[in-house]
Amino acid sequence: MSRGEANPAEARRETLRLDKWLWQARFFKTRSLAAALVSKGRVRVNGQPAVRPSRGVGAGDVLTFPQGRVIRVVRISGLGTRRGPASEAQGLYDDLDPPGHGDGHEAPGGA
């Protein structure tokens with residue numbers, strides 16, 4: 001690739017702001033709560049800490065973040081166009097949490 005062009009496959013990848021995706025997928029009640037968690041470095045994208053709420057995420061990215069007392073691990077399967085009902089939001093991700101994740105798997109530090 002000449003003249004400093006980006007990889008064409010990466011250039012076509014659709015992305016959405018990390019804080020907006022977390023809010024649309026209904027992991028957080030407000031977008032500002034999602035942005036605050038990202039800014040604190042508490043969200044990982046593909047194993048790397050994300051500190052900018054504006055970081056782009058897209059299909060295939062794996063997110064790890066605390067939600068209440070549970071550490072969530074999800075793979076993004078789609079980008080939403082709005083914050084719809086819970087049934088619509090669940091179609092935006094694949095839950096990679098181990099079975100029974102809600103029974104005692106607590107986040108370190110009591111997040």
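**Notebook: strand 5 and its surroundings**

I began with strand pairing and noted that strand 5 and strand 6 (residues 70-76) run antiparallel, joined by 6 bridges. Strands here are DSSP E runs of at least two residues, helices are H or I runs of at least four, and both are numbered from the N terminus. Two strands pair if DSSP finds at least two bridges between them.

The model is predicted, with local features needing pLDDT of at least 70 and side-chain atom pairs pLDDT 80 or more, while totals for chains, interfaces and linings use all residues. Residues are numbered from 1 along each chain as its sequence is written, and side-chain values use heavy atoms, without hydrogens and water.

I looked up the turn next. Strand 5 and strand 6 form a hairpin with 2 residues between them, and Gly68 in the turn has a positive phi of about 65°. Within the pair, Thr64 stands opposite Val73 of strand 6.

I then checked the other partner. Strand 2 (residues 43-45) runs antiparallel to strand 5 (residues 62-67), with 2 bridges. Val45 has Leu63 as its bridge partner in strand 5.

I listed the contacts of Leu63 (heavy atoms within 4.5 Å). Beyond four places in sequence, they include Leu18, Trp21, Leu22, Val57 and Ile76.

Last, I looked at Gln90. Gln90 lies in the loop between helix 4 (86-89) and strand 7 (93-95). Gln90 counts as exposed because its relative accessibility is 51%; exposed means over 50%, buried under 20%, partly exposed in between (1.4 Å probe, protein chains only). Its C-alpha atom is 9.9 Å from that of Phe27, 63 residues away along the chain.
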